[in-house]
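Here are my notes on the model, point by point. Have it open while you read.

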Amino acid sequence: VEKTFVMVKPDGVQRGLVGEIVNRFEKKGLKLVGAKLMQVPQALAEEHYAEHKERPFFKDLVSFITSSPVFAMVLEGDSAVSVARTLMGKTNPAESAPGTIRGDFGLTIGMNIIHGSDSTESAAREIKLWFNDESVAYDRAVDVWLA
Ligand code: GTP
Ligand code: MG
């Protein structure tokens with residue numbers, strides 16, 4: 001079974017969207033196996049977005065992500081990485097379909113509400129980085145109706 005890292009960004013937390021977003025992933029069937037509200041240290045933000053270090057928006061991205069708390073999660077389920085990305089919508093909210101998180105709540109690419117790992121390799125790296133590789137293993141009665 002697959003795990004993914006998902007984070008409600010500072011704009012989502014400030015706008016009171018944490019509950020709505022968690023609700024969508026839960027209703028989809030993904031299992032919450034880790035969660036925390038946290039202020040992101042500068043070094044963690046830079047490490048998380050290291051792949052974008054040379055991009056012109058890197059500085060803005062890091063200062064945005066450290067500007068106010070984020071809500072970080074580990075979600076588990078069949079194809080969790082791609083399923084979470086599908087629920088999130090495209091990177092640019094202006095191009096995200098209605099019904100997706102960014103499509104319903106986002107307006108600009110600079111503040112696109114949510115992050116989700118883009119591959120199983122990224123998920124492994126990010127769960128290690130944000131949760132020290134720890135998550136909570138437990139069974140739900142409903143799991144037999146999901147897979
Ligand atoms: P994340 O889940 O946040 O990683 O988004 P993504 O995987 O859909 O997009 P990507 O990894 O390519 O970009 C990471 C983040 O950088 C995006 O979510 C945006 O917040 C930001 N970003 C990407 N492109 C731009 C841009 O052209 N301008 C600005 N201001 N931010 C951008
Ligand atoms: Mg990305």
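1. Let me begin with Val22: at 12% relative accessibility it counts as buried, where buried means under 20% relative accessible area, exposed over 50% and partly exposed in between (1.4 Å probe, protein chains only). Val22 sits in helix H2 (residues 18–28); helices (H or I, at least four residues) and strands (E, at least two) are DSSP runs, numbered from the N terminus. Between Val22 and Ala43 there are 21 residues in sequence and 26 Å in space, C-alpha to C-alpha.

2. A word on conventions and confidence. This is a predicted model, in which local features need pLDDT of at least 70, side-chain atom pairs count only at pLDDT 80 or more, and totals for chains, interfaces and linings use all residues. Residues are numbered from 1 along each chain as its sequence is written, chains are lettered from A and ligands numbered from 1 in the order in which they are written, and side-chain values use heavy atoms, with hydrogens and water left out. The average pLDDT (the predictor's confidence in each residue, from 0 to 100) is 97 for the protein, and 100% of the residues score at least 70. For the complex, the predictor gives an ipTM of 0.91 and a pTM of 0.96.

3. Next, the overall chain. UniProt, in an unreviewed entry, has the annotation "domain: Nucleoside diphosphate kinase-like" over residues 1–138. UniProt positions are given in the numbering used here, feature names are shortened, and annotations may be inferred rather than shown by experiment. Over residues 1–138 the chain is 41% helix and 19% strand, with its end C-alpha atoms 13 Å apart.

4. Val74 is a handy landmark, being the bridge partner in E3 of Phe5 and of Gly34.

5. Ser68 has 9% relative accessibility, so it counts as buried. Its side chain makes a polar contact with the side chain of Gln14 (2.7 Å); such a contact is a pair of N or O atoms within 3.5 Å, and within protein one must be able to donate a hydrogen and the other to accept it, while residues adjacent in sequence count only if both atoms are side-chain atoms.

6. Now the ligand. Of the 13 residues around ligand 1 (those with a heavy atom within 4 Å of it), Lys9, Arg85, Thr91, Asn112 and His115 come nearest. Oxygen atoms of ligand 1 lie 2.9 Å from a polar side-chain atom of His52, 2.8 Å from a side-chain N or O atom of Arg85 and 2.5 Å from a polar side-chain atom of Thr91. The protein covers 79% of the 590 Å² of accessible area that ligand 1 has on its own, by the Shrake-Rupley method with a 1.4 Å probe; for residues, only the protein chains shown count as cover.

7. Last, His115. UniProt lists His115 for "active site" in an unreviewed entry. His115 is found in strand E4 (residues 114–116), and it counts as buried at 11% relative accessibility.

Terms used. Two strands pair if DSSP finds at least two bridges between them.
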